[in-house]
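Here are a few friendly notes to read with the model open beside you.

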Amino acid sequence: MPFARAGVGGDALFYNPTAGAFVFRFGGGVHYYLLKWLGLGIETNFTFGPGFYGNGTLFYGNWDFGLGARFAF
């Protein structure tokens with residue numbers, strides 16, 4: 001079952017000094033349900049926005065990729 005998602009959020013960046021980011025996140029993936037309650041799948045997200053560091057504002061970007069299982073109860 002394919003899906004897509006989008007949203008806004010915030011990230012805490014533990015650098016020296018601690019920083020933060022206001023982000024826009026877009027992603028999607030696909031899960032294949034082997035059983036009515038068990039799905040195996042893959043998903044990815046792209047995150048970008050302004051990062052607020054001790055010396056000013058810079059671009060912040062991130063890409064994540066995951067494999068996993070979903071359980072429906």
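**Notes on rings and surface**

1. Setting aside neighbours within four places in sequence, Gly 61 touches Thr 47 and Phe 48, where contact means heavy atoms within 4.5 Å. Gly 61 belongs to strand 4; strands here are DSSP runs of E with at least two residues, numbered from the N terminus. With a relative accessible area of 43%, Gly 61 is partly exposed (buried is under 20%, exposed over 50%, partly exposed in between, with a 1.4 Å probe and protein chains only). The C-alpha atoms of Gly 61 and Gly 51 are 8.6 Å apart, for residues 10 places from each other along the chain.

2. A word on the source before going further. This is a predicted model, in which local features need pLDDT of at least 70 and side-chain atom pairs count only at pLDDT 80 or more, while totals for chains, interfaces and linings use all residues. Residues are numbered from 1 along each chain as its sequence is written, and side-chain values use heavy atoms, with hydrogens and water left out.

3. How many aromatic pairs does the structure hold? There are 6 aromatic pairs, counting rings of Phe, Tyr and Trp (its six-membered ring) with centres within 6.5 Å; planes under 30 degrees apart are stacked, over 60 edge-to-face, and the rest tilted. One of them is the stacked pair of Trp 37 and Phe 71, at 6.5 Å centre to centre and 20° between the planes. This pair links distant parts of the chain, 34 residues apart: Trp 37 sits in the loop between strand 2 (19-35) and strand 3 (38-53), and Phe 71 in strand 4 (residues 56-71). Trp 37 is partly exposed, at 43% relative accessible area.

4. Please look at Phe 46 and Trp 63 too: their ring centres are 6.2 Å apart and their planes at 15°, so this pair is stacked. Phe 46 is in strand 3 and Trp 63 in strand 4, so the pair ties together parts 17 residues apart in sequence. Phe 46 counts as partly exposed at 45% relative accessibility, whereas Trp 63 counts as exposed at 54%.

5. Ring pairs also join Phe 22, Phe 24, Phe 26 and Phe 48 into a cluster. Phe 48 lies in strand 3 and is partly exposed, with a relative accessible area of 35%.

6. Lastly, Arg 70 lies over the face of Phe 3, 5.3 Å from the ring centre (the criterion is NZ of Lys or CZ of Arg within 6 Å of the ring centre and within 35 degrees of the ring normal).

Methods. Helices (H or I, at least four residues) and strands (E, at least two) are DSSP runs, numbered from the N terminus.
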